[in-house]
Amino acid sequence: MSSLTKKQKDTALVALAVLFLLAISAYAYFMVYSPAKEARIMAEQSFKSEREVLMALQEQLKALPVEERVSTTELQQRVSVEPLSELIVLQLEQAELLSRSQVQTIDIAESPLELLYPVEGIENVQKVQTTVTFETDDYAGITRFIQEIESMKRILIIDSIDFQSNGEVTTVDTGDDILEVTLSFSAFYRPDLIALSDTLPKVDAPPPANKIDPLPKNDGVDLATAEEDETAADVEVDVDVTVDGEASAAGMNDQVAGAQTAIFHKVVKGDTLYMISEKYYGDANGVDAIRKANNMSDYLVRAGTTLTIPEKP
């Protein structure tokens with residue numbers, strides 16, 4: 001077998017190198033460049049179509065009528081952040097006057113809103129249920145009374161109407177009997193929206209007098225007996241201090257006073273920070289103090305937990 005000359009070897013190597021470069025070029029074109037080119041073309045087409053959609057939506061938005069913004073004050077006239085029971089009582093007085101009726105009893109109770117099926121977004125809605133009993137001369141008075149209640153801007157639901165109809169008139173001298181009606185309706189509020197408390201509707205009603213009821217309690221213990229018990233307890237504290245001798249009477253009194261200011265509240269189902277603050281402070285100004293005293297990072301309370309109620313801020 002004759003050996004190849006050097007020139008033939010060089011020619012063969014050049015040919016192999018050319019074939020290798022052609023193979024690499026073909027691979028780069030079909031496997032890298034061509035897919036990248038197709039992806040770029042598809043991206044340009046997608047961008048163009050999305051831009052056309054955006055322009056069409058902008059034109060539709062410009063064609064829409066300008067909507068007026070609703071203030072939070074107006075929204076709270078429908079669903080407030082506080083019960084606003086005073087407004088309900090004032091509306092009942094107006095209905096009583098215009099319908100020529102006579103209100104006998106008013107019962108207002110607050111409770112969580114319970115639904116058959118849970119609805120997202122209204123988990124914290126509370127209900128103010130009002131039951132009023134009134135007397136009127138005829139059915140027109142009932143209709144007018146209900147119309148005045150429904151004229152409130154507040155969202156409410158008439159739960160029940162209970163009354164007994166007059167008997168059939170058989171003689172001329174038979175007079176019309178007084179109709180006694182029991183009406184129950186519900187309004188709603190959101191105590192968790194504490195940040196909107198400044199935009200609450202103004203209530204033209206006097207503040208509570210916070211007077212002490214001088215009448216006996218339900219258990220038969222009157223106010224005088226309670227005061228005597230408190231005095232006896234103070235005397236017992238002073239006697240204990242004298243016997244022990246470990247602390248002065250003034251120091252023990254300070255400890256007793258400090259213990260009395262430490263109030264604890266066990267959260268039950270339906271409680272909110274607003275309701276707890278109103279129970280101990282009379283308004284919602286104590287919410288932040290309760291959160292700070294209990295190291296709370298949010299406004300949610302859980303049933304079964306015990307909260308420390310600090311002094312009124």
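Which residues form a nonpolar patch on the surface? In this predicted model, the patch consists of Leu13, Val14, Leu16, Val18, Leu19 and Leu22. Together these residues have about 600 Å² of accessible area. Val18, one of the patch residues, is found in helix α1, which covers residues 6-63. The relative accessible area of Val18 is 42%. Val18 is therefore partly exposed, because that class lies between the 20% limit for buried and the 50% limit for exposed residues.

Aromatic contacts were examined next. A pair of aromatic rings is described by the distance of the centres and the angle of the planes. A search of the whole structure finds four aromatic pairs. One of them joins Phe134 and Phe145, with ring centres 4.0 Å apart and planes at 10°, so this pair is stacked. Phe134 lies in strand β2 (residues 126-136) and Phe145 in helix α4, so the pair ties together parts that are 11 residues apart in sequence. Both partners are buried. Phe134 has a relative accessible area of 0%. For Phe145 the value is also 0%.

Tyr139 and Phe163 form a pair of another geometry. Their ring centres are 6.0 Å apart and their planes stand at 65°, so the pair is edge-to-face. This pair links distant parts of the chain, 24 residues apart. Tyr139 belongs to helix α4, and Phe163 to strand β3 (residues 156-163). Tyr139 is partly exposed, at 40% relative accessible area. Phe163 is partly exposed as well, at 34%. Elsewhere, Tyr29, Phe30 and Tyr33 form one aromatic cluster.

Helix α4, which spans residues 139-150, also holds Ile146. The relative accessibility of Ile146 is 14%. Ile146 therefore counts as buried, because the cut-off for that class is under 20%. Beyond residues up to four places away in sequence, Ile146 touches Ile161 and Leu183. Ile146 and Ile158 are 12 residues apart in sequence. In space, their C-alpha atoms are 8.9 Å apart.

How values were computed:
Residues are numbered from 1 along each chain as its sequence is written. This is a predicted model: local features need pLDDT of at least 70, side-chain atom pairs count only at pLDDT 80 or more; totals for chains, interfaces and linings use all residues. Side-chain values use heavy atoms; hydrogens and water are left out. Patches are made of residues with over 30% relative accessible area and no salt bridge: like charges are joined within 9 Å, nonpolar side chains (Val, Leu, Ile, Met, Phe, Trp, Tyr) within 5 Å. Accessible areas come from the Shrake-Rupley method with a 1.4 Å probe; for residues, only the protein chains shown count as cover. A salt bridge is a side-chain nitrogen of Lys or Arg within 4 Å of a carboxyl oxygen of Asp or Glu. Helices (H or I, at least four residues) and strands (E, at least two) are DSSP runs, numbered from the N terminus. Buried means under 20% relative accessible area, exposed over 50%, partly exposed in between (1.4 Å probe, protein chains only). Contact means heavy atoms within 4.5 Å. Rings of Phe, Tyr and Trp (its six-membered ring) pair if their centres lie within 6.5 Å; planes under 30 degrees apart count as stacked, over 60 as edge-to-face and the rest as tilted.
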